Amino acid sequence: MPETTLSAALDKAGHAVDNDPSRIVRPARAGANVSMFESRRVPAVIRPTSPHQVPGIVRAFGDDEAPPLHAVSTGRNWGLGSREPTRHDTVRIELDGLDRIRDLDTRHGWAVIEPGVTQRHLAAELSDTPRMLNVTASSGHSSVLGNALDRGVGLRRQRTDDLVGLEVVLPDGEQIRVGWWPAEDTATAPNPYGLGPSLLHLFTQSDYGIVTAGVIRLLPRPEIQRVLRLTFDRDRLSAAVDELRRWHAQGLVHGVLKIYDTTSSTTYGTSAQGGYLVHVPLGGTGEVVAALTDTACRLADASGLFTSVARSDQEPPADDDIVSLVVQHGYAGDVAHHEAMLRSAVGQAAPGVDDHGGGWIFFLPLVPYTGRDVTAALRLLDQVHAETGIRPGATVNALDPDVIDLVVSLRFARTADETARAHQALDLLYELFTEAGYLPYRLDVDHGEWTDRLTDPGALALTRRIRDVIDPHRVMAHGRYT
Ligand SMILES: Cc1cc2nc3c(=O)[nH]c(=O)nc-3n(C[C@H](O)[C@H](O)[C@H](O)COP(=O)(O)OP(=O)(O)OC[C@H]3O[C@@H](n4cnc5c(N)ncnc54)[C@H](O)[C@@H]3O)c2cc1C
């Protein structure tokens, strides 16, 4: 990339950010990422402060020779590449300075937010209201929109279910809105699909544009919330998963049911004796929750599968049971304990994770919700352990009665040897899980080519034709998924 082209583009971008020199940074060195993926060369970072500045920045990079642009919201995509673009010589736009909640309607249940609005910010606005945010288990300082754009998972449901509208700057600088937006003076019901072909998800896991705002649905807050914590032994895994699936299918579960194995419990901050820990969220009116609790406890007892059952109203989590504290508060849209869990996982608070945190990688496949499949998937983790010496942690997130989001985490010391073994383990996870039919639904920055392996060729070709039309000059950097 010729230096003069970069300088010319940055000059124009400088006008777009009101000639404020602090908004354009030329990094002297490549930044680190907590997963120890190769650090890409990023010749400049642009940090707008207003959505109105973004079209001008994008137009500044419209020249065929100019480097491409990669947008992040808060850039805390830890485990999948953090802020890294997929390729070298990419200019990053960091949108954490766009941090306004533009509009909030707790009666009808939506918020119009910018990419820099964090979980913590929005959750705080909603405390003591009849609505709550579907929070993830990541830091309160991570972006609500950034996570939804990567199709992340909250404690209540997948974040794609929360997303109903987007404001996007296209590669030619035009700013458009897709999906549903609140009307000025009448209350309309959210319809993310609109009429005709739905455009909303053209812009999730996508490199077709830069998102400057979005509409997020806010869940009704149950009058009473309760969590049942159940434990079971390792040899009961298959039967316990099938039993829990039945509860799920019959309406006993009100959120993402979570099962932590011993490694992930310990990793996230709760000492575990072996076996598994289940969190079952219940919610509704007092009578409904009483009936659900009674039914679940009787079913647990009758199954003979569980070694203990604790109700959060009678036995709240102990002060040092970080996992249960995060999960219980998280179901209620509260991130009060999230930073403690982040510290347990990577040893650092949010700002220090990428430079100083302990090594951390995610592998994220979807698995059918059956005892047989979950057992088979966890056996693959034993194989990875045996072959690489890295013991993966697993959290089973039951999204609905048919689908498990299996969160596989690799924790490692950032030495040359352990880093190499962790990356070998990651490669092996991709191969073994794909062979078994347990396909990843999110990719890390070093495995973007798996999109080609895992996508129907006709669909992939259409994706690329659409990109050619929307972005003929390749203003947007090649993403992880196209
Ligand atoms: C301990 C721990 C727990 C975690 N728990 C969870 C969890 O429960 N659920 C979960 O999903 N993840 C989890 N994560 C992973 C990760 O931290 C979150 O997904 C986090 O929300 C992603 O970072 P971000 O919000 O800053 O998004 P960003 O890093 O800003 O964005 C993610 C990606 O989306 C795209 N993007 C972002 N903004 C824009 C934009 N404005 N325009 C166009 N494209 C954009 C880019 O491709 C970007 O790389 C966890 C991580 C750790 C370490």
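Helices (H or I, at least four residues) and strands (E, at least two) are DSSP runs, numbered from the N terminus. Axes are lines fitted to C-alpha atoms, for helices over the stretch in contact, and angles run from 0 to 180 degrees between N-to-C directions. The model is predicted: local features need pLDDT of at least 70, side-chain atom pairs count only at pLDDT 80 or more, and totals for chains, interfaces and linings use all residues. Residues are numbered from 1 along each chain as its sequence is written, and side-chain values use heavy atoms, with hydrogens and water left out.

The domain assignment, whose bounds come from an automatic or database source, divides the protein chain into domain 1 (101–220) and domain 2 (224–442). Their C-alpha centres lie 26 Å apart. Across the boundary, 23 residues of domain 1 are in contact (heavy atoms within 4.5 Å) with 21 residues of domain 2.

An unreviewed UniProt entry places the feature "domain: FAD-binding PCMH-type" at residues 37–221; such annotations may be inferred rather than shown by experiment. This span is 11% helix and 23% strand, and 40 Å separates its end C-alpha atoms.

Attention now turns to a helix pair. Helix H8 (residues 322–331) packs against helix H9 (residues 338–346) at an angle of about 140 degrees, their axes being 9 Å apart. Angles under 35 degrees count as roughly parallel, over 145 as roughly antiparallel, 65 to 115 as roughly perpendicular and the rest as oblique; H8 and H9 are therefore oblique to each other. The contact involves Ile-322, Val-326 and Gly-330 of H8, together with His-338, Ala-340, Met-341 and Ser-344 of H9.
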